[in-house]
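Grab a pencil and work through the exercises below. Each task comes with a solution taken step by step.

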Amino acid sequence: MASTRKRAEYSPGCSQIAEKNPDIDEAAWSRNASRLFQFVTERKACAHCPGLDHCPNMMKGYRPQLVNDKGTPSLTFVRCPLLEEQEVKQRQSNLIHSYYVPKDVLNATFDSIDKEEGGRQEAIWRRENCKALPK
């Protein structure tokens, strides 16, 4: 049967830490086989991400990272980009203190504005030419 270290080297994340940290001995790899299994399983889930709402990871919205902790392979967790994006949107929506704001207004971006609608052409022209709008 292959050693735990050799089996760990088949996974890209595990092989990188194994190459960078030859001081992690076989016993340490064997003692932490469950962490390695969790790392490999959750990394595969991240590679085929079903979205933040359906995240199968133990810590939803976080990705595992394998690190060398004083000669022991250990797991740390970092925020997933989808979680960070959701938190930014949540902070932005928390800034709005109105009882009712239409969804199209909440989701509006400068790209979604109809530039051909009446009065916008003058505003766009003035913005591009740095002139104040009349009052």
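Residues are numbered from 1 along each chain as its sequence is written. The model is predicted, so to speak of local features takes pLDDT of at least 70 and side-chain atom pairs take pLDDT 80 or more, while totals for chains, interfaces and linings use all residues; side-chain values use heavy atoms, without hydrogens or water.

**Exercise 1.** Work out which pattern the protein chain follows along the sequence.

*Solution.* Start with the tally: seven helices and two strands. These are DSSP runs numbered from the N terminus, with helices being H or I of at least four residues and strands E of at least two. Then read along the sequence, and you get α-α-α-α-β-β-α-α-α.

**Exercise 2.** Find which residues make up the largest nonpolar core.

*Solution.* Begin with burial: 23% of the 135 residues count as buried, meaning under 20% relative accessible area with a 1.4 Å probe, protein chains only. Next, join buried Ala, Val, Leu, Ile, Met, Phe, Trp, Tyr and Cys through side-chain atoms within 4.5 Å. Nine residues come out: Ile17, Ala18, Ile24, Ala28, Trp29, Leu36, Phe39, Leu66 and Leu75. Helix 2 (12-20), helix 3 (26-31) and helix 4 (33-47) each give this core at least two residues.

**Exercise 3.** Say how many residues 24 or more positions apart matter in the contact count, as a percentage.

*Solution.* Count a contact when heavy atoms lie within 4.5 Å. Keep contacts with a separation of 6 or more; residues 24 or more positions apart account for 39% of them.

Technical notes:
Buried means under 20% relative accessible area, exposed over 50%, partly exposed in between (1.4 Å probe, protein chains only).
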